[in-house]
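Open the model in a viewer with residue labels on and a cartoon display. The tour below goes from one selection to the next and says what is found at each stop.

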Amino acid sequence: MNIKILGTGCKKCQEFEKNTRMAVEEVQVDAVIEKVEDIKEIMKYKVMSTPALVIDEKVVSTGKLLTVKELKGMLA
């Protein structure tokens, strides 16, 4: 599984990354997590608000700080 966290590095985006890493660890999925902060790269996904979550090149969430529980549901 390839997971990308799209965000410019704000506090909300940092917390989103932390939650994502915790969820991956708890669910124990084999995943590569990449943090994308470059605005040009983020725009390639047509995302207008961050943080955003991309799983296997599909945008699954934008503009919302997901909880560990919500993320686990997406990863399972």
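Select A23 to begin; A23 sits in helix 1. Helices here are DSSP runs of H or I with at least four residues, strands are DSSP runs of E with at least two, and both are numbered from the N terminus. This is a predicted model, in which local features need pLDDT of at least 70, side-chain atom pairs count only at pLDDT 80 or more, and totals for chains, interfaces and linings use all residues. Residues are numbered from 1 along each chain as its sequence is written, and side-chain values use heavy atoms, with hydrogens and water left out.

**Stop 1: A23**

Is A23 buried or exposed? A23 is buried, with a relative accessible area of 0%. Buried means under 20% relative accessible area, exposed means over 50%, and partly exposed is in between (1.4 Å probe, protein chains only). Now show the residues around A23: setting aside neighbours within four places in sequence, A23 is in contact with V68, L71, K72 and L75. Contact means heavy atoms within 4.5 Å. For a distance check, pick the C-alpha atoms of A23 and T67, which are separated by 8.8 Å although the two residues are 44 residues apart along the chain.

**Stop 2: T20**

Stay in helix 1 (residues 11-27) and select T20. T20 is buried, its relative accessible area being 1%. Which residues does T20 touch beyond its neighbours within four places in sequence? They are I3, I5, I33, L53 and L71.

**Stop 3**

From T20, go to its contact I33, which lies in strand 2. I33 has a relative accessible area of 19% and therefore counts as buried. Apart from neighbours within four places in sequence, the contacts of I33 are I3, I5, T20, R21 and V24. Draw a C-alpha to C-alpha distance from I33 to V60: the two are 27 residues apart in sequence and 15 Å apart in space.

Next, select strand 1 (residues 2-6), where four of the five residues are buried. Strand 1 and strand 2 run parallel and are joined by five bridges. Two strands count as paired if DSSP finds at least two bridges between them. On this pair, K4 stands opposite E34 of strand 2.

**Stop 4: the hairpin**

Select strand 3 (residues 52-55) together with strand 4 (residues 58-62); they pair in the antiparallel sense over four bridges. Where is the bridge partner of V54? It is V59, in strand 4. The two strands form a hairpin with two residues between them, and D56 in the turn has a positive phi of about 50 degrees.

**Stop 5: backbone exceptions in the loops**

Most residues other than glycine have a negative phi, and most peptide bonds are trans.

- Q28 is in the loop between helix 1 and strand 2 (32-36). Q28 is not a glycine, yet has a positive phi of about 60 degrees. Q28 is exposed, with a relative accessible area of 71%.
- K46 is in the loop between helix 2 and strand 3. K46, also not a glycine, has a positive phi of about 60 degrees. K46 is exposed, at a relative accessible area of 72%.
- P51 is in the loop between helix 2 (39-43) and strand 3. The peptide bond from T50 to P51 is cis, with omega near 5 degrees.

**Last stop: the whole chain**

How many helices and strands does the chain have? There are three helices and four strands, in the order β-α-β-α-β-β-α along the sequence. The C-alpha trace spans about 30 × 25 × 15 Å along its principal axes. The radius of gyration, taken over C-alpha atoms, is compared with a globule rule of 2.2 Å times the number of residues to the power 0.38. For 76 residues a compact globule would have a value near 11 Å, and the chain has 11 Å, which agrees.

Colour by burial: buried residues make up 36% of the 76 residues. Of the contacts with a separation of 6 or more, 68% come from residues 24 or more positions apart.
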